[in-house]
Amino acid sequence: MSHSKESDELVFFVNGRKVIEKNPDPEVNLLFYLRKKLRLPGTKYGCGGGGCGACTVMISRQDFITKKIRHFSVTACLVPICSLYGAAVTTVEGVGSIKTRIHPVQERIAKGHGTQCGFCTPGMVMSIYTLLRNHRESSTEQLMEALGGNLCRCTGYRPIVESGKSFSPSSSCCQMNREGKCCLDQKEKNITFFSLKVCTKLYEKEEFQPLDPTQEFIFPPELMRMADEPQKQILIFHGERTTWISPGTLSELLSLKMKYPKAPLVMGNTCVGLEMTFKDVFHPVILSPARILELFMVTNTKEGLTIGAGLSLAQVKDILTDVVRKLPEEKTQTYRALLKHLRSLAGQQIRNMASLGGHIISRLSTSDLNPILGVGNCVLNVASIEGTQQIPFNDHFLAGMTDANLKPEQVLLSVFIPVSKESVAPQQPPHDPVGRPIMHQSGIKHATGEAVFCDDMPAFSEELFLAVVTSTRPHAKLISIDASEALGLPGVVDVITAQDVPGDNGSQEERLYAQDKVVCVGQIVCTVVADSYTHAKQASKKVKIEYQDVEPVIVSIQDAIKHKSFIGPEKKLEHGNTEEAFQCVDQIIEGEVHFGGQEHFYMETQSVLVVPKVEDKEMDIYVSTQDAAFTQEMVAYALGIPKNRINCHVKRVGGAFGGKLTKPALLAAVAAVAANKTGHPIRFILERADDMLITGGRHPLLGKYKIGFMNNGKIEAADIEYHINGGCTPDESELVIEYALLKLENAYKIPHLRVRGRACKTNLPSNTAFRGFGFPQGAFVTETWMTAVAAKCHLPPEKVRELNMYKTIDRTIHKQEFDPKNLVRCWEKCMENSSYYLRRQAAEEFNQQNYWKKRGIAIIPMKFSVGYPKTFYYQAAALVHIYTDGSVLVAHGGVELGQGINTKMIQVASHELKIPMSYIHLGEMNTVTVPNTIATAASTSADVNGKAVQNACQTLMGRLEPIIRQNPHGSWEDWVNEAFTQSISLSATGYFRGYDAHMDWEKGEGDIFPYFVFGAACSEVEIDCLTGAHKNIRTDIVMDGSFSINPAVDIGQIEGAFTQGLGLYTLEELKYSPEGVLYTRGPKQYKIPSITDIPEELHVSLLTPIQNPIAIYSSKGLGESGMFLGSAVFFAIADAVAAARKQRGLDPSWTMNSPATPERIRMACVDQFTDLVCGSSFQSKFSAVPNDAQCLEQGG
């Protein structure tokens, strides 16, 4: 080894400021360092595995070879702090701040309505910002690529893309601007109600500040000097358990590899880091070759390319792109194949981090690059202290055979990729905001990272951390808990069990801490309290639990039916006489279909911070929840104290979708017990894997149907049976099955209809509320049998749907009267907007000309009922203060989840008080200011809280009215001060009793819902019959939003819900072991829609407004309804599959389970290749009902 100078000093820059760390810990990542050490909370924790992009930051380095400055985005959760030597890090705080100056990227994503809950927004900002640092005028393709590693669960991506595209000179406010006008700017929209008008432009592009590159951070000259002489020193950092060594020369690296043959080489840390984080893999020594020049060399000869193993996949992509441009096509077959897969391999951040060498050596089973390199006859150039060697990149190497593998002391230097040898074929007042697309109240703070979420709050004095110990058995008695080893570890304060709960340990059905038995894998058995989360997590692995297994273990719906394991009684609705009707029809079909579950995957994981006070057993609970009052109640019961000692605070929530309705209360109570015992503040933030394991999701459903119909497609009778998988406790399952029954008919009038349903009790974590609440499952079954009827009658599905649709004022299955006029209008408008029949004909022509690719198109109507089944669920309260300077403070009982409720409440107050929005502030929601609140859910929160805010404001205006009459030309401040001098109260509570709602299940009737939301969606897809992949070509959505209080917010809700529905019906698949162990516990295994999954064209339009007098300002709640419209993509896929099956001479009445994953699509397109897998009995096996393995995949 050469004698370079040793150094234990890490030098890098963050947001232009120099950072020096002596002996940094190699196990500390950049995300932790930024948030906890530098107190820069704008960078968010979303998954901890680099899969969501919430923690995106920009890193800048000087290239060793070209000496140019490279800016690239990375996920901070995977970046070891030790790897940052010589780097400049830019976080969202360094891009811009509301305290100084916001950056144009931040401004445009906020004003362009690209933010809802805002938790993902800093990451989005950083990805776009990094792109602009490299390409000031980027293309749409570059933008989509840059955002490919950033997940959003709220927006549907369209406004984020549009915000990024606004930096291009040819950008537009929407996709239809090529016609010279905005798609919303239609005369029919300018309909006036109550002297209000809907504004049709979502933002004014002229308001945006220009991009000024001169205002960006310069790359520190000190780092340039450091980069010029990497070989001068060897960096050695000794952590608590691990030593990090970064040599400056190749000879030093080879000597170290001989000395430490088992030490991994870490470049991007995308493989080793994941193993250390999620598999508890420990490495005493880590070698970092990031400063070895030989690993970054590129040589281009007529034989081929030699690419340094240290280059990132993004750099490899750029190199290949450049070479492909210069060489004849016949020589670039391998290069082009690599480029195709590099465009979709992980996200941009991972491609920026992962090295070519690391990707090859890791031999990931999911890698598409390695097989291409193998068939391309590539060669690996390796070195050791003994010399160099060439290893063929072939199947022996891929299989890890000893004679074709690297020896422990060898290092991969470069990869030779030869050129290809053969060619292949290739009226309102200006200040009145109601009806206008007002930017989200926190949009700018979302974009700058200054919006504070629960875990962003500064540490409290003597704060402790909580880690969970969960059951590893699905059904067992608890014999013993041995925490002795855990308690002996450094930093551990205590281990909390059921014995430590002073009050109620939850309910008999759902315990806070497991007591005597466990009923699912993932149930909380105990928690470890320590001085850091790292110490708590390490200690949690040392708790020993002894179980005694109990039978039966029930995982699937079929298991539950077999063992008669149910939650609550059977529910039933019926009208007409189904038995008689079945005797009078032309045809009858019977079938079954399975609908898989769904994970909420909110970007902010479950989070709670409990702060005990010194007096009277009071506690402050800072929690990410949809239902603060329920959290307050559970904490009070657990501690055995009155509710008035507990104050729950909710500033904002980083996405929820129903998943933060009941679970946060349980988790807050768990943390409160720990805080009560220790007397310390407790921070309890679930890791993504624990969150997915513990909290449950959408209920899987098994639907059975018997349908009687005439030959013309008219359905006369239907007998339906639903079973949902409720999990191990009741939670919301009984209400979900009720809603599935109440809403199953969707848009259709079935004269004779009977439906029964039950919730199954299984040994899975309890499933819970989820956007749509039973409707996406139940209505999916309805659309399945509607499609089946069409196939049997040899009719187009849209004709059968239209024939059976409600047309005139009628009654639902639960005998509630409604007018379907807007349902019909949505259907007709969607048909018109989508040019349905022309595109249907074009798809059929395409299918005739293509055997292995097929296109499908489907149009789906929707009747969505809004609300709760009981009146008291609709009550709401508000508190409005006017201060003597004229400023106004508003508080209400709703929670800001990203749906824009706070923005709308400010709009309501502004309209009612007749003052600008800038006068009004809306702070946190808490249970002291507004008590006894109802959960923010069921699409009604803006309705009912808006009524309460309106009531309070009208009370105040009534008090001010005599003063205004006496001084009509005075200012708002004059009137307020005069009221104060006259001792008139400037504070008022507002209250809304709620809509009348009732349901009698004995009679099967009730007026439950205040109103209905109607809509329709048309989707077109293209499937690849050989791979099962599909492409979303176009979706048109028409929604009846009545009069929108904020069109930008409402369209964002429609797009976000549709995209989440697209994931539900086509991508997202939960997989369990036969023992009920969840396999899909992060974005690596569980795929939600990314920016590349949304339709290439997405058009959303609102019907011309008509009055909805029951809701505030004639508006409608649109938060959930769009979810079901994602099924249009599913049925378009089914249409394409049906075309493939028809061409192959297969049964047209085939049924596909949800989700329509590539595997299901591929196996449905039966051919000689599927026969090799499934044999001749494939068709009987691939029935509507999944076999046992398929059930386990979906938790069904």
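A residue counts as buried under 20% relative accessible area, as exposed over 50%, and as partly exposed in between. By that rule Arg241, with a relative accessible area of 39%, is partly exposed. The structure to which this residue belongs is a predicted model, and the description below moves from the whole chain to selected sites.

The protein chain has 1196 residues, and a compact globule of that length would have a radius of gyration near 33 Å; the chain has 30 Å, which agrees. Along the principal axes, the C-alpha atoms fill a box of roughly 85 × 85 × 70 Å. The secondary structure comes to 38 helices and 42 strands. Of the 1196 residues, 63% are buried. The accessible surface of the protein chain is about 44600 Å², and carbon and sulfur atoms supply 51% of this area.

Charges come next. Across the whole structure, 56 salt bridges are found. One of these salt bridges joins the side chains of Glu27 and Arg241, with an N to O distance of 2.7 Å. Glu27 sits in the loop between strand 3 (17-22) and helix 1 (30-37), while Arg241 sits in the loop between strand 9 (233-238) and strand 10 (243-246), so the pair ties together parts that are 214 residues apart in sequence. Like Arg241, which was placed in the partly exposed class at 39%, Glu27 is partly exposed, at a relative accessible area of 30%.

A salt bridge also forms between Asp549 and Arg473, whose closest N and O atoms are 2.9 Å apart. This pair links distant parts of the chain, 76 residues apart: Asp549 belongs to strand 22 (residues 544-549), and Arg473 to the loop between strand 17 (464-470) and strand 18 (476-482). Asp549 has 48% relative accessibility and therefore counts as partly exposed. Arg473 is partly exposed as well, at 30%.

The salt bridge between Arg1162 and Asp1167 has an N to O distance of 3.0 Å. Here the side chains belong to buried residues: Arg1162 has a relative accessible area of 11%, and Asp1167 has 6% relative accessibility. Salt bridges also link a set of residues into a network, made up of Arg35, Lys36, Lys44, Asp455, Asp456, Glu463 and Arg683.

A cis peptide bond runs from Glu551 to Pro552, with omega near -5°. Pro552 lies in the loop between strand 22 and helix 19 (557-563); strand 22 is the strand that holds Asp549. The peptide bond joining Ser1154 and Pro1155 is cis too, with omega about 10°. Pro1155 is placed in the loop between helix 34 (1127-1143) and helix 35 (1158-1164).

Positive phi values occur at residues other than glycine. His113 has a phi of about 65° and is found in the loop between helix 3 (104-111) and helix 4 (121-134). With 10% relative accessibility, His113 counts as buried. For Phe657, phi is near 60°. Phe657 lies in the loop between strand 27 and helix 22 and is buried at 13% relative accessibility.

The loop between strand 27 (646-650) and helix 22 (663-678) also contains Gly655. Gly655 has 0% relative accessibility and so counts as buried. Its C-alpha atom is separated by 9.6 Å from that of Gln626, which is 29 residues away along the chain. In another part of the chain, Glu845 belongs to helix 28 (residues 836-849) and is partly exposed, at 40% relative accessibility. Glu845 and Asn711 are 134 residues apart in sequence, and their C-alpha atoms are 27 Å apart in space.

Val1173 is part of helix 36 (residues 1168-1174). Its relative accessibility is 63%, which means that Val1173 counts as exposed.

Conventions: Residues are numbered from 1 along each chain as its sequence is written. This is a predicted model: local features need pLDDT of at least 70, side-chain atom pairs count only at pLDDT 80 or more; totals for chains, interfaces and linings use all residues. Side-chain values use heavy atoms; hydrogens and water are left out. Helices (H or I, at least four residues) and strands (E, at least two) are DSSP runs, numbered from the N terminus. Buried means under 20% relative accessible area, exposed over 50%, partly exposed in between (1.4 Å probe, protein chains only). The radius of gyration is taken over C-alpha atoms; the globule rule is 2.2 Å times the number of residues to the power 0.38. Accessible areas come from the Shrake-Rupley method with a 1.4 Å probe; for residues, only the protein chains shown count as cover. A salt bridge is a side-chain nitrogen of Lys or Arg within 4 Å of a carboxyl oxygen of Asp or Glu.
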